[in-house]
Amino acid sequence: MTRFLRFCVALALSCLALNSLAQVQQARGKASVSYAGKQASPDDKARALQNAQLKAVEFYYAEAGESESENFDAVRAQILSNPDRYILESTVLGEEDAADKRQYTVAVRVSLNVANLRNLVKANSAVANAG
């Protein structure tokens, strides 16, 4: 019986350890853009979506702590230039077009490729340290 109990405890601990090493994380972001016409154009909506996705990445780094937030500031432009490498999927949670304010708002949940984000930070650090 004690062997079985030890096995169950070891199994539970290993499952917890695997969860902490997850390479995909969920994050949420929200962004608003102003527009000039009577309604938001497809370009306005795409810009809001991209801004919301970037806010989700920023939120992930903010939750990770101060040093991680500094890492985000250093790699922001690279994430923007190739978002599909770091954002595996994006789900629109809600959108609002406030025509009276001429403002379009979108909220998203994204799945982040944390392994690629960490590699980007490491590569950026290596370049900074070499220079």
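**Close-up views of helix H2 and its surroundings**

**View 1. Helix H2 and the residue after it.** Gly 65 follows H2 and has a positive phi, near 120 degrees. Helices (H or I, at least four residues) and strands (E, at least two) are DSSP runs, numbered from the N terminus. This is a predicted model: local features need pLDDT of at least 70, side-chain atom pairs count only at pLDDT 80 or more, and totals for chains, interfaces and linings use all residues. Residues are numbered from 1 along each chain as its sequence is written, and side-chain values use heavy atoms, with hydrogens and water left out. H2 covers residues 42-64. Its buried residues include Ala 52, Leu 54 and Tyr 61 (buried: under 20% relative accessible area; exposed: over 50%; partly exposed: in between; 1.4 Å probe, protein chains only).

View 2. Asp 44 and Arg 47 pair through their side chains at 3.1 Å, N to O. A salt bridge is a side-chain nitrogen of Lys or Arg within 4 Å of a carboxyl oxygen of Asp or Glu. Both residues lie in H2, three residues apart, about one turn of the helix. Asp 44 is buried at 14% relative accessible area. Arg 47 is partly exposed at 38%.

View 3. Lys 55 meets Glu 58 at 3.9 Å, N to O. Glu 58 also forms a salt bridge with Arg 76, at 3.7 Å, N to O. Glu 58 lies in H2 and Arg 76 in helix H3 (residues 66-81), so this pair ties together parts 18 residues apart in sequence. Shared partners join Lys 55, Glu 58 and Arg 76 into one network.

**View 4. Val 33 in strand E1.** Val 33 belongs to E1 (residues 24-34). Val 33 is buried, at 3% relative accessible area. Its C-alpha is 10.0 Å from that of Ala 46.

Conventions: The expected span of a helix is 1.5 Å times one less than its number of residues.
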